[in-house]
Amino acid sequence: MTGNKAYHIILVPEKGSWKVKKAGASRATKVFEKKADAVLFADTLSKKEKTALYIHTIEGTIEEKRSYYEEALVL
Amino acid sequence: MNVFSKNVFINCPFDSDYYPLLRPLIYTLLCNGFNPRIAIENSDSGQLRADKLVELIKDSKYSIHDLSRLQASEKDEIFRLNMPFELGIDYGARRFSKRLSEKKFLILEKERYKYMQALSDINGFDIKAHNNSTYGVIKAVRDWLVETAKLKKVDSPTKIWDDFNECYGSIYDEKIEDKFTADEINFMPIPELIDEIMERLPHN
């Protein structure tokens with residue numbers, strides 16, 4: 001696992017936009033009108049920080065999880 | 001834990017169509033220190049369903065009755081009567097029992113005043129519309145707890161919504177590790193979902 005906190009892409013209620021938010025943070029890193037743009041942005045950040053990205057559905061469940069942390073090599 | 005003043009009887013459909021609203025409803029109660037009580041939490045087939053409901057109603061100071069699914073959504077679909085029936089039992093318990101006279105109800109509906117077309121007798125109850133949205137459920141339940149249970153310093157609906165999403169991410173990780181499929185995670189039995197959420201709440 002990584003020491004960096006994961007990113008979440010969460011629906012902004014009643015506005016229909018999507019926010020990129022770090023786990024436990026009180027504010028969003030950035031808000032996007034389109035979910036695809038939020039995914040693109042958060043994916044780049046997650047890769048750079050070697051952390052995980054949770055892409056949520058409008059219901060709050062998980063649509064997809066992407067992991068970019070370095071796994072221990074098992075031989 | 002079975003504490004009358006913290007128990008909330010939930011009267012709603014338990015089918016997959018309602019799960020998207022039931023998950024955040026349960027989360028909002030748990031994160032505010034309440035115990036969701038539902039008819040399917042104890043699958044003792046030897047007990048009549050109506051008797052089971054009466055026990056839950058007697059054990060719960062609070063009740064949430066979601067009447068948003070009363071109307072048949074398709075031609076030839078049967079009108080759903082369980083929810084108004086259970087609301088009637090609950091109202092009778094409050095009305096005719098001194099011990100239960102302090103019971104509090106929240107009626108949830110899809111749109112404001114929609115209930116009036118089907119059940120105008122409940123005019124005057126605490127009624128809130130969730131607009132069929134997960135956030136709408138969180139806001140309705142959270143605001144009702146503040147108004148009715150007099151909770152103070154309660155997190156905002158947006159904070160609860162964010163925390164619910166993060167909690168679901170954590171549940172997803174554990175369940176995927178345990179070889180659950182996405183559908184099995186999203187539609188796990190309600191008692192299991194309650195346990196998973198409880199494990200992740202900071203006050204537990």
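W18(A) stands opposite F32(A) of strand β3(A). The model is predicted; local features require pLDDT of at least 70 and side-chain atom pairs pLDDT 80 or more, while totals for chains, interfaces and linings use all residues. Residues are numbered from 1 along each chain as its sequence is written, and chains are lettered from A and ligands numbered from 1 in the order in which they are written.

Strand β2 (residues 17-22) of chain A pairs with β3(A) in the antiparallel sense, over 3 bridges. Pairing requires at least two DSSP bridges between two strands. Strands (E, at least two residues) and helices (H or I, at least four) are DSSP runs, numbered from the N terminus. In chain A, 5 strands form an open, mixed sheet in the order β3-β2-β1-β4-β5. Strands β3 (30-32) and β5 (62-67) of chain A are at the edges with a single partner strand each, so one side of each has no neighbour in the sheet. The twist averages 20° from one strand to the next.

Two helices lie across strands of this sheet. Helix α5 (residues 157-177) of chain B lies across β1, β2, β4 and β5 of chain A, at about 135° to β1(A). Angles run from 0 to 180 degrees between N-to-C directions of axes fitted to C-alpha atoms, for helices over the stretch in contact. Contact means C-beta atoms, placed from the backbone, within 7 Å.

L25(B) touches I10(B), I64(B), V137(B) and V141(B), not counting residues up to four places away in sequence.
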